[in-house]
Protein chains: 2
Amino acid sequence: MDESSVTLREVMLRDGLQNIPEFISTDVKIELFRLIAASGIRNMEITSFVNPKAVPQFQDAARMAQAVLQMKPEGVEVSALVPNLKGAQNALESGMRNLGFVMSVSESHNINNVRRTTAESIDELKKILDLKENYPDLNIRVGMATVFGCPFEGKIKPRVTLNFIRRFYDLGLRDISLADTVGFGNPKEVKETCALCLTEFPDVTFSIHLHNTRGLGLANSLAAYETGIRLHDGAIGGLGGCPFAPGAKGNTSTEDLIFMFEEMDVKTGVNLEELMETSRYFKMVKNNVCYSSSILEVGVPVPQGAITKDGSEQKWSI
Amino acid sequence: MDESSVTLREVMLRDGLQNIPEFISTDVKIELFRLIAASGIRNMEITSFVNPKAVPQFQDAARMAQAVLQMKPEGVEVSALVPNLKGAQNALESGMRNLGFVMSVSESHNINNVRRTTAESIDELKKILDLKENYPDLNIRVGMATVFGCPFEGKIKPRVTLNFIRRFYDLGLRDISLADTVGFGNPKEVKETCALCLTEFPDVTFSIHLHNTRGLGLANSLAAYETGIRLHDGAIGGLGGCPFAPGAKGNTSTEDLIFMFEEMDVKTGVNLEELMETSRYFKMVKNNVCYSSSILEVGVPVPQGAITKDGSEQKWSI
């Protein structure tokens, strides 16, 4: 991994599945984990320790965590989302040590999403950090939601985000994910916010979590990459959109991200063909899920000269 | 128009229609021109003076040119594509003065596309330039095809493109379009080539023509913008893909380009809502055409707070 290379964190098993009402069996989830890891993905969010009444899809969070950890996937960083202390405790008991705590930078979204003010969320975060006494190898990443826009409050000033990061920093946290929760960001804002974060907190590892709701996912990822963000979330098939709205775009498609970066000679370490196979496998298993991935639609990128070689010549003009 | 603003050249009437086998009536084309211009688009390629046997869609090129010029659309720069001297003569006789001459930078694509070597194309270009004697207000833009990749030859070295530009420059040409004819480019290459062009030829007006074949259209446009390119081609609905391949992406969607730039506070001067109405009108007229526009799919971008105000509240989480 040189300085220019990028790491993809695959979040389909968490963000990609959480909007799917029908329960996906734990066996399928585990198989997906295995296949995704085999394609070269080295970072995965595998489940969410939420109240199973709120999100029944994650009723198997503990079983999923145990199964994945038993596989001891070499070199793969595995994490789970936790919305509160209870979730963190359950995750730890299941063996998880990398936890993503989620908090929105907009007050109204935080109340809507986790039923807490941001002040209450920070109190909860402190309680989770106290668990380090019993679990010294606990690592907390803060997933900062609505950084690039909130469905209730609109644009969020970068300073609001930076002030929160300062508080997390003072709590000793060095792992922060900047999330465009609903896909409101644009490349200019992404660049500005990311650049401020990296300048003010040079020893924090920042990652970015983008949604492609309005088609700007790749352009926003490019903008983040150009400022220096080297850890990007994605979901295979662009999963994570609303399951009731055909074509609704979800997370940025991991395939599209890998394709863009590799085309730019930015190494991802992932075998795109293999990942696309896995993506197609899940589409087969769950054929009513909305897929949104350009590369998956187009198929295998045309290699040099292949158009003539395989006989499928097509007329193109300017 | 300040330095940061961008001009969109709408090419749906040429590149967007040329793959559609069924003839679109001249009346519909003229109505599209009128509607597109009314939405604020200030630059349009309206037809192609090709052999009507090769592309029957443009059998009405002369009528189209005359009708559009009769409308005297204030402040709208109107151009037509010409592949050869014959086309240029026909275009001039129809009253057109802004002509786009097309030539590929890859030898095999040029032979395939216009049945000429690049040397022969340059000879043809010289003959067209000789027409200036009779038409002193003739303006020629060179549309350089396959700059960011050729289906037969693969990657094209930027130096190949720059050498051709030098020859065009020495012929007195100052209006050059860099085209990613088949959508092979990536943001890194786009940046590199555009930066070299702008540095070596500071008094040339460069524009960019991108296809979204592999989903990188917007990211590539962003890259071109960042190097300083301020004139970007687009086609409403992302038209221009293969009409026989559902979902095949064509030109970058003008709607998506406008959306991205306006979100970034880059002014385009276009009313996106009105342009989207026109796009929907054409989809209604010609409902078997492949549309590919994120914003058109998603619908009107959600304004601040609208999700709660109109009652269509939706649960989002990180």
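Trainee: Which loop of chain B holds B:Val289?

Mentor: B:Val289 lies in the loop between helix H11 (272-285) and helix H12 (294-298) of chain B. Helices (H or I, at least four residues) and strands (E, at least two) are DSSP runs, numbered from the N terminus. Residues are numbered from 1 along each chain as its sequence is written, while chains are lettered from A and ligands numbered from 1 in the order in which they are written. This is a predicted model, in which local features need pLDDT of at least 70 and side-chain atom pairs count only at pLDDT 80 or more, whereas totals for chains, interfaces and linings use all residues.

Trainee: Why is B:Val289 classed as partly exposed?

Mentor: B:Val289 is partly exposed because 19 other C-beta atoms lie within 10 Å. A residue is buried if 20 or more other C-beta atoms, placed from the backbone, lie within 10 Å of its own, exposed if 12 or fewer, and partly exposed in between.

Trainee: Turning to S2(B), how many of its residues are buried?

Mentor: Six of the six residues of strand S2 (residues 43-48) of chain B are buried.

Trainee: And how does S2(B) pair with S3(B)?

Mentor: S2(B) pairs with strand S3 (residues 77-82) in the parallel sense, over five bridges; pairing requires at least two DSSP bridges between the strands. Within S3(B), B:Ala80 is the residue opposite B:Thr47.

Trainee: What does the chain pass through from S2(B) to S3(B)?

Mentor: It passes through helix H3 (residues 61-70) of chain B, in a right-handed β-α-β crossover. Right-handed here denotes a clockwise path from the first strand over the helix to the second, with the strands pointing away from the viewer.

Trainee: At what angle does H2(B) pack on H3(B)?

Mentor: Helix H2 (residues 26-38) packs on H3(B) at about 35 degrees, and the axes are 10 Å apart. Axes are lines fitted to C-alpha atoms, for helices over the stretch in contact, and angles run from 0 to 180 degrees between N-to-C directions.

Trainee: Now chain A: why is H9(A) largely enclosed?

Mentor: Nine of the 11 residues of helix H9 (residues 217-227) of chain A are buried, so the rest of the structure largely encloses this helix. Among the buried residues are A:Leu218, A:Asn220 and A:Tyr225.

Trainee: Which residue follows H9(A)?

Mentor: A:Gly228 follows, with a positive phi near 120 degrees.
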